Amino acid sequence: DIPVMMLRSAVRLACLAAAVSSAAALHAPRASPAPLGRISNAAPRTSLPLASTSPSATPPRDALRLKGGADANTLVFSLFKAIVGSGVLCLSGGMAAFTNNNAMLLPSVALAFVSMILSAYSYYSVGATCAATGASTYKEAWSATVGPSTAWIPSLAIVSQTAVATICYSIIIGDVLRDVASAFGATGALANRDVLLPSVAAVVILPLCLLRDFSLLAYTSMFGVAGVLYCTLFMVYRKFSGSYDKGTELYESLKAAQRPSFGSSATPLKALILVAMFNTAYMAHYDAPKFLAMVSNNLSEFSKLTKAGFFGAFLISAIIMASGFLTFGGSSMGLILNNYASSDTLALLARCGMLASIVFGFPLVFSGFRTGALSLLDIKNPSQATLDTIAVCTVSIAIGIALKMSDLGFAASFSGALLGSAIIYIFPAMMHVALAKKAVEADHQLKPKKRKGVVLGKEAFMNYGIMALGVALAGIGASVSYLQSFTNILD
């Protein structure tokens with residue numbers, strides 16, 4: 001049928017795009033170091049195009065080499081790795097939250113694409129703001145544009161998002177541990193999520209978070225990407241092989257809640273849950289200053305990097321969402337791996353891979369949270385006792401919440417709506433508009449004969465619209481996510 005044909009086409013497109021992007025990246029031009037633009041007596045630029053076309057931005061024609069000697073492929077992969085995470089595994093459940101109809105796949109993929117475009121634009125906008133102001137962090141960009149007195153607001157949002165990430169990781173670890181234990185024949189307490197999760201937290205996760213140096217764990221992030229890519233191939237294979245069609249052995253081994261369920265119902269308002277999940281799936285905006293620095297603050301190269309990284313994330317997200325939903329329909333769970341049978345060997349490999357990547361990735365997420373929290377509280381040179389206390393409290397709270405709330409879909413959609421909308425849409429748009437206003441003010445301060453007549457352009461007004469969109473998604477999306485998970489009002 002049409003949805004299956006779309007999925008086949010998407011897989012082929014993903015393979016083609018990967019080959020083309022790799023070849024293009026190998027022959028990308030060198031990014032010539034560009035001086036950081038700063039707000040001074042000269043009016044800063046009021047437009048932030050996705051690709052610079054000025055002659056001065058045209059780099060020499062030879063292979064791109066990044067700081068530290070890394071090539072373009074490495075940087076594109078690094079950005080892809082920063083964007084794509086375990087959040088993509090809840091997208092099928094996001095579709096199931098508002099429909100069980102295969103015909104809704106095309107609108108859902110369209111939503112994924114539009115969300116990707118907006119996220120990529122705002123990601124580039126953060127980098128362009130940093131280039132114009134000389135900022136090297138998200139917080140510094142805000143301070144240089146909106147103002148230092150409110151710089152704690154984006155910092156708090158980012159810290160809160162990393163805190164939610166530790167909870168999401170804990171939920172995934174608990175669910176996957178239970179399924180892996182069951183697959184190996186464990187019963188009773190050995191297959192009880194409420195026993196396994198705190199046990200692994202005490203024996204493995206907490207000791208990792210108490211490490212004095214997390215540098216060795218940085219390499220384990222590769223497991224996360226490998227796990228997501230394996231899950232993508234595994235889910236596509238299971239769909240096309242018909243392994244979970246009615247009457248098959250795997251189908252019969254599923255519980256009633258896991259079995260595929262298709263129909264013709266759809267509740268458009270609940271599609272906001274899926275949109276909120278896309279915010280989580282495409283969020284890497286606080287890393288934009290770092291990646292800008294890695295291309296020597298060259299906006300033309302940063303634009304290419306942004307397009308490649310986010311388009312790759314879109315392809316993987318769309319394929320995982322489509323293959324999971326086309327297999328299980330309205331029964332797709334918040335963590336799609338929970339739908340697959342415990343006796344499914346390929347699913348067991350996926351679960352083991354994701355378990356390893358999440359367990360070893362937890363300390364890295366925790367480290368980001370702790371660093372952000374200490375910076376937010378202006379605590380410099382904390383003692384080791386303070387660092388250890390934060391580790392114990394963070395792990396304990398995250399695991400405790402995960403024991404009480406096992407719905408990954410709600411965690412991803414609620415945080416995506418509330419925090420993701422702020423980090424992806426509202427804050428970058430506010431910084432862009434503030435920078436544009438500074439350009440107008442700087443022009444007005446010049447003598448009449450030297451003025452260039454700088455005014456707020458179309459892009460500034462477009463960012464007002466993005467701000468409004470972000471506020472709407474935050475308020476309505478978070479409300480819909482809550483009502484869907486804890487009430488029957490939307491049924």
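Let's start at C393, which counts as partly exposed because its relative accessibility is 40%; the label covers the range between buried (under 20% relative accessible area) and exposed (over 50%), worked out with a 1.4 Å probe on protein chains only. Another cysteine, C231, counts as buried at 0% relative accessibility. As for disulfides, meaning pairs of cysteine sulfur atoms within 2.5 Å, the count comes to zero.

A quick word on what you're looking at. This is a predicted model, where local features need pLDDT of at least 70 and side-chain atom pairs count only at pLDDT 80 or more, while totals for chains, interfaces and linings use all residues. Residues are numbered from 1 along each chain as its sequence is written, and side-chain values use heavy atoms, with hydrogens and water left out.

Now step back to the whole protein. It has 16 helices and zero strands; these are DSSP runs numbered from the N terminus, with helices being H or I of at least four residues and strands E of at least two. Of the 491 residues, 52% are buried. If you take contacts (heavy atoms within 4.5 Å) between residues at least 6 apart in sequence, 84% of them join residues at least 24 apart.

Helix α4 covers residues 105-133, and L105 lies in it. L105 counts as buried, at 1% relative accessibility. Its C-alpha atom is 6.8 Å from that of A322, although L105 and A322 are 217 residues apart along the chain.

Follow α4 along and you meet helix α5 (residues 138-145): the two axes come within 9 Å and cross at roughly 65 degrees. Axes here are lines fitted to C-alpha atoms, for helices over the stretch in contact, with angles from 0 to 180 degrees between N-to-C directions. The crossing of α4 and α5 is left-handed, that is, the near helix is turned anticlockwise from the far one by less than a right angle. On the α4 side the contact uses V126, T129, C130 and T133, and on the α5 side Y138, A141, A144 and T145. Sorted by class, that contact has five nonpolar, three polar and no charged residues. Nonpolar covers Ala, Val, Leu, Ile, Met, Phe, Trp, Tyr, Cys and Pro, charged covers Asp, Glu, Lys and Arg, and polar takes the others, Gly among them.

What about the aromatic rings? Rings of Phe, Tyr and Trp (its six-membered ring) pair if their centres lie within 6.5 Å, and the planes count as stacked under 30 degrees apart, edge-to-face over 60 and tilted for the rest. That gives 17 aromatic pairs. In one of them, F262 and F325 have ring centres 6.5 Å apart and planes at 85 degrees, so the pair is edge-to-face. F262 sits in the loop between α9 (249-252) and α10 (271-281) and F325 in helix α12 (residues 299-328), so the pair ties together parts 63 residues apart in sequence. F325 is buried at 0%, whereas F262 is partly exposed at 40%.

There is also an aromatic cluster formed by Y230, F234, Y244, F328 and Y340.

Finally, look at the loop between α11 (288-294) and α12, where you'll find S296. Its phi is near 55 degrees, a positive value in a residue other than glycine. N297 is in the loop between α11 and α12 too, with a positive phi near 60 degrees. Most residues other than glycine have a negative phi.
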